[in-house]
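User: I'm new to this one and would like a walk through it. Can we take it a question at a time?

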Amino acid sequence: MKKNLCNFKLIQNEGIYTPPPVGLSIEFQVFEARYSRSRHVDSAEATRDNEREQADGVLMIRLEKVAKVYSLGEVEVRALDGVTLTIERGEFVALVGPSGCGKTTLLNLMAGIDRPTSGEVWLDEERLDRLSDDSLTRLRRGSIGIVYQFFNLLPTLTARENVALPLLLNGLRRSDIEGRVEQWLQRVGLTHRAAHWPHELSGGEQQRVAIARAMVVGPRVILADEPTGNLDSASGEAVLDLLGRLNQDQGQTIVLATHSQEAMKRAGRIVRLRDGRIEGIEES
Ligand SMILES: Nc1ncnc2c1ncn2[C@@H]1O[C@H](COP(=O)(O)OP(=O)(O)OP(=O)(O)O)[C@@H](O)[C@H]1O
Ligand SMILES: [Mg+2]
């Protein structure tokens with residue numbers, strides 16, 4: 001890994017970064033992550049694969065009367081207001097609706113990034129709103145792949161290193177990582193760009209790296225927040241084709257927030273939100 005990595009602090013494995021506290025480099029954190037965390041990731045993953053096969057067709061995500069209220073001084077913003085929704089394994093669901101209707105808030109609750117003000121959020125048998133912060137972090141590292149509108153790749157890591165990072169953080173050995181990383185770079189069609197820095201890649205290529213990074217841990221669900229929102233239509237199509245293939249060929253469960261008609265066409269179900277409530281659900 002490149003040596004001059006100390007400009008950014010990685011928070012969990014979600015590609016979100018902020019300036020680090022003095023003296024704490026990302027290399028240190030990656031090192032710490034590799035040597036202090038569970039060494040049983042491979043067997044845990046095998047167990048999860050088994051569970052996945054057995055549970056095919058069952059509910060994966062369940063939201064029960066979920067509300068999310070933000071308090072801004074005297075003002076309350078009711079971002080979600082009594083949302084009840086179930087998503088089955090292998091579904092491709094689009095969350096749509098006008099700006100501010102609650103799409104990102106809903107994805108953040110499903111990802112365990114945020115907690116509801118009231119109601120229940122389930123991922124398989126786990127009730128996320130009751131998990132500790134540590135458990136949520138662990139769950140996100142292994143079970144949830146997140147894709148953002150602005151890609152959120154670490155700028156000081158190459159495409160290959162960006163894809164490898166979640167596996168390093170999960171404590172896998174380098175020898176176990178390499179094959180999986182190359183496989184995912186190939187699946188997203190970027191083997192020839194593996195050594196490039198994010199700024200040397202097009203937006204569409206960066207988003208495909210971000211999808212490879214999300215997929216490399218074998219997540220139960222991919223949560224994508226306007227993944228084509230920052231792309232031209234051809235690059236957006238390529239990203240949607242990729243997500244469509246992951247859903248069709250691998251049965252990957254995908255929940256995607258979008259304003260794009262093209263993205264809606266790929267989804268098996270469209271959930272329409274308005275003012276924090278579900279206005280309607282369409283099967284396509
Ligand atoms: N951290 C926050 N603090 C206060 N209000 C918030 C916060 N995050 C979101 N909101 C508010 O909650 C509502 C839902 O926001 P959200 O980001 O979920 O909408 P969205 O559907 O994703 O919109 P867009 O299509 O513009 O991305 C909005 O009114 C927003 O202003
Ligand atoms: Mg949003």
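User: Let's start with Gly-90: which residues does Gly-90 touch, not counting residues up to four places away in sequence?

Analyst: Keep in mind that this is a predicted model. Gly-90 sits in the loop between strand E4 (75-88) and strand E5 (92-96). Leaving out residues up to four places away in sequence, its contacts are Gly-251 and Thr-253.

User: Is Gly-90 buried, exposed or partly exposed?

Analyst: Let's count: Gly-90 has 18 other C-beta atoms within 10 Å. Buried takes 20 or more and exposed takes 12 or fewer. The count falls in between, so Gly-90 is partly exposed.

User: How are H7 and H8 oriented relative to each other?

Analyst: Helix H7 (residues 203-215) and helix H8 (residues 233-250) pack with their axes 8 Å apart, at an angle of about 20°. Angles under 35 degrees count as roughly parallel. That's why H7 is, relative to H8, roughly parallel.

User: What kinds of residues make up the contact of H7 with H8?

Analyst: On the H7 side you'll find, among them, Gln-207, Arg-208 and Ile-211, and they meet H8 residues including Ala-238 and Leu-242. Sorted by kind, the residues of this contact are six nonpolar, four polar and one charged.

User: Which element gives the most to the largest nonpolar core?

Analyst: That core has 69 residues, and Ala-212 and Leu-223 are among those touching the most other members. Leu-223, for one, is in contact with residues including Leu-107, Met-110 and Val-255, leaving aside neighbours within four places in sequence. As for the top contributor to the core, with six residues, that's H7.

Note on methods:
Residues numbered from 1 in each chain as written. Chains lettered and ligands numbered in written order. Predicted model: local features only at pLDDT ≥ 70, side-chain atom pairs only at ≥ 80, totals over all residues. Helix = DSSP H or I, 4+ residues; strand = E, 2+ residues; numbered from the N terminus. Contact = placed C-beta atoms within 7 Å. Axes fitted to C-alpha atoms, helices over the stretch in contact; angles between N-to-C directions. Parallel < 35°, antiparallel > 145°, perpendicular 65-115°, else oblique. Nonpolar A, V, L, I, M, F, W, Y, C, P; charged D, E, K, R; others polar. Core = buried A, V, L, I, M, F, W, Y, C linked by C-beta atoms within 7 Å.
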